[in-house]
Amino acid sequence: MPYEITANRRRPKTFDELAGQEFVAATLKNSLDMGQIANAYLFSGPRGCGKTSAARILARALRCEKGPTSIPCGKNDETICPQCREIFEGNSMDVLEIDGASNTGVNDVRQIKEEILFPPGTGRYKIYIIDEVHMLSNNAFNALLKTIEEPPPNVVFIFATTELQKVPATIRSRCQQFNFRLVPTEKIAALLLDVCVEMGMHAEEEALFWIARESTGSCRDAYTLFDQVISFSEGNIRMELIREKLGIIGLEKLNELAEACADGDFSLAFRLTDELLASGAAIETLVTNLANYYHNLLLIKAGISRETILGDSVSGFSKKVLDKYDAVRLEHSCELFFNLYRDLRYSISPRFELETLVSKLCWLDKWISPAELGDTVEGVRNLLNSQELSSNPANMAAAGNTGNAGNSGDVGDAADGEGGSLSFSEEFRRQHMLPQGGVDQGGIDQGVKNVLDVFEGTIIEENIEENDE
Ligand SMILES: Nc1ncnc2c1ncn2[C@@H]1O[C@H](COP(=O)(O)OP(=O)(O)O)[C@@H](O)[C@H]1O
Ligand SMILES: [Mg+2]
Ligand SMILES: [Zn+2]
């Protein structure tokens, strides 16, 4: 028997075999059993989750000699009807699969409209399956509209698309719509286990779950990665071998690097990064793995502990790193990695960029978010406001004529007299040359402005210095 990739060999042949699409399957089966056949169906959803497969099942359900039925003939049934057999073999004259991506023009649609006028050669229905229908041009869509609304009897359209939002509303409203979903990790892993059993192979559960997670909800992607893994596994699928062959970095290594960063230990962090790269990990792989790692920490912070989502038990992740950061800083680290991943292909030196990022992670705990900075400034503003209200009347009176920076020494003396040290707000006023005592709102705003100037000033000063040289 010729080699057939697992995805094609395992294409679902009944509605019940569509993993993760129970709602779609049940609705389609019901309407078939009740004889309610629409003129047009629209299947939308992510790639590799069963749209084309469902369209072919529906085509058989409609054309089967026993039908329309929710259970058309199976491929190996002794009594398989000619209509179903033709569809299985892909040579039915009355089931036309058209790729919307390469037949996008109005002329292609005109041709369909002309063909449609001829009744089906054999059987009950003539079926047009148009894949990636969102690729059709506007004119092509317009040409289709009338046909979909009132097609000649016995013509059924099945459209499939990964980008529902690109299908005009006028078309959508004329179709019965079905939204296909990403297939849950557990279901994909179960499908993979079926294949292993079928092929008499042994597989570690961890490895199957890893493949399932990597494929992020697409059965086709899962089968494709699975085929790649089989090619080097010699009948025994093991996670350790996958790590080795596909250059995946183990959790212990990631913990080690993240802990060095959490300790602010630059030199250790750089050395570990170097070791990982020297061991053959590609920079993209390292970046994705680290992004995944910090993202998982963020999930754990949010209380998520399911191993199927995290890829490891919570206890596998470094407690030290988890304790060190709050969600805001973890979120920021994910962002840094996602940005780096996007920028990698334009970078002159991906390695330098990765090292810079590692260096940034070494002071991640000191990073403050714009929101926190805003809160701090607001806090200062409130502090100054409250100071104004609680300041004593004498000060208020004095402020009327001497509210300027010149008398800061007085307050220092006064504070010394009271307790020996300055309160924060007093110290703050002194450092930023704010008037003492009763300042007006303008004074407070000036204070906030001064704080911001200090931030900006450092940058500007540095620039001036450089330019002078
Ligand atoms: N829901 C599903 N259940 C089981 N296998 C699936 C499912 N969706 C996709 N597959 C697998 O992926 C392959 C491609 O699926 P397909 O129906 O062409 O996806 P789509 O048209 O949504 O991109 C199928 O041959 C099958 O092996
Ligand atoms: Mg498809
Ligand atoms: Zn049949």
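User: Among contacts in the chain between residues at least 6 apart in sequence, what percentage join residues at least 24 apart?
Analyst: 77% of them do. Two residues are in contact here if their C-beta atoms, placed from the backbone, lie within 7 Å. Keep in mind that this is a predicted model, where local features need pLDDT of at least 70, side-chain atom pairs count only at pLDDT 80 or more, and totals for chains, interfaces and linings use all residues. Residues are numbered from 1 along each chain as its sequence is written, while chains are lettered from A and ligands numbered from 1 in the order in which they are written.

User: OK, how many helices and strands are in the chain?
Analyst: The chain has 23 helices and seven strands. Those are DSSP runs numbered from the N terminus: H or I with at least four residues for helices, E with at least two for strands.

User: And what share of the chain counts as buried?
Analyst: 29% of the 469 residues. Buried means 20 or more other C-beta atoms within 10 Å of the residue's own, exposed means 12 or fewer, and partly exposed is in between, with C-beta atoms placed from the backbone.

User: What order do the strands of the open sheet have?
Analyst: The order is 2-3-4-1-5, five strands with parallel pairing. Strands 2 (95–99) and 5 (176–179) stand at the edges with a single partner strand each, so one side of each has no neighbour in the sheet. On average, neighbouring strands are turned by 15° against each other, direction ignored. The axes behind that angle are lines fitted to C-alpha atoms (for helices, over the stretch in contact), and angles run from 0 to 180 degrees between N-to-C directions.

User: Which strands pair with strand 4?
Analyst: Strand 3 (residues 126–131) runs parallel to strand 4 (residues 155–161), joined by five bridges. Strand 1 (residues 40–44) also pairs with strand 4 in the parallel sense, over five bridges. Two strands count as paired if DSSP finds at least two bridges between them. Looking at bridge partners, K126 goes with V155, I129 with I158, and L42 with F159.

User: Why is strand 4 largely enclosed by the rest of the structure?
Analyst: Because seven of its seven residues are buried. V155, F157, F159 and T161 point one way, while V156, I158 and A160 point the other way, and all are buried. In a regular strand, side chains alternate between the two faces of the sheet.

User: What does I127 touch, leaving aside its neighbours within four places in sequence?
Analyst: I127 is in contact with A59, L62, R63, D94, V95, V156 and I158. I127 lies in strand 3 and counts as buried, with 26 C-beta neighbours inside 10 Å. I127 and A55 are 72 residues apart in sequence, yet 9.7 Å apart in space, C-alpha to C-alpha.

User: What's phi at N154?
Analyst: Near 70°, a positive value in a residue other than glycine. E132 also has a positive phi, near 45°. E132 lies in the loop between strand 3 and helix 6 (138–149) and is buried, with 22 other C-beta atoms within 10 Å.

User: Now the ligand. Which residues come nearest to ligand 1?
Analyst: R11, G50, T52, S53 and C219, out of 22 residues around ligand 1. A residue is near a molecule or strand if its C-beta atom, placed from the backbone, lies within 6 Å. Helix 1, helix 3 (51–63) and helix 10 each supply at least two residues of that shell.

User: Which residues in helix 10 are buried?
Analyst: C219, R220, D221, A222, Y223, L225, F226 and V229. What covers them includes helix 1 (6–9), helix 8 (185–199) and helix 11 (239–246).
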